[in-house]
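Colleague: I would like a close look at one part of this model, the aromatic side chains and their surroundings. Please take it step by step.

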Amino acid sequence: MKKKPSLIFEIILVICLKLAVIFGIWYFFFSPSHRPSVTPDTVGNVLLGAPTETTPKTPN
């Protein structure tokens with residue numbers, strides 16, 4: 001007769017699998033290689049809007 005895995009073993013296995021899934025999500029979506037470069041200029045452009053260039057109007 002085969003012995004069933006103990007409850008402690010099952011809990012450890014589930015926790016290890018959850019940690020592996022969390023690490024995979026972090027690695028594929030949130031790791032530093034997926035982050036855009038952030039400078040004060042880009043933050044200002046996003047929050048305040050990019051400065052628009054004005055062209056002088058010429059009479060027709």
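Colleague: In which helix do Phe 23 and Tyr 27 lie, and how many residues apart are they?

Modeller: Bear in mind that this is a predicted model. Phe 23 and Tyr 27 both lie in helix α1, which covers residues 7-30. They are four residues apart, about one turn of the helix. An α-helix has 3.6 residues a turn, so residues three or four places apart point the same way.

Now the rings themselves. Searching the whole structure gives three aromatic pairs. One of them joins Phe 23 to Tyr 27, with 6.1 Å centre to centre and 25° between the planes. That pair counts as stacked because planes under 30 degrees apart are classed that way. Tyr 27 also pairs with Phe 28, this time edge-to-face: the centres are 5.2 Å apart and the planes are at 80°. Trp 26, also found in helix α1, belongs to the cluster that ring pairs build from Phe 23, Trp 26, Tyr 27 and Phe 28.

As for solvent, Tyr 27 has a relative accessible area of 45% and is partly exposed. Trp 26, at 37% relative accessibility, is partly exposed, whereas Phe 28 reaches 56% and counts as exposed.

The rest of the chain gives the setting. The protein chain has two helices and zero strands. Helix α2, residues 40-48, is hardly covered, and the count of buried residues among its nine residues is zero. After α2 comes Gly 49, with a positive phi near 95°. Across the 60 residues of the protein chain, buried residues make up 3%.

Along the principal axes, the C-alpha trace spans about 95 × 25 × 15 Å. The accessible surface of the protein chain comes to about 6,400 Å², and carbon and sulfur atoms account for 71% of that surface.

Key: Residues numbered from 1 in each chain as written. Predicted model: local features only at pLDDT ≥ 70, side-chain atom pairs only at ≥ 80, totals over all residues. Heavy atoms only, no water. Phe/Tyr/Trp six-rings, centres within 6.5 Å; stacked < 30°, edge-to-face > 60°. Buried < 20%, exposed > 50% of the residue type's maximum accessible area, 1.4 Å probe, protein only. Areas by Shrake-Rupley, 256 points an atom, 1.4 Å probe, with all protein chains shown as cover.
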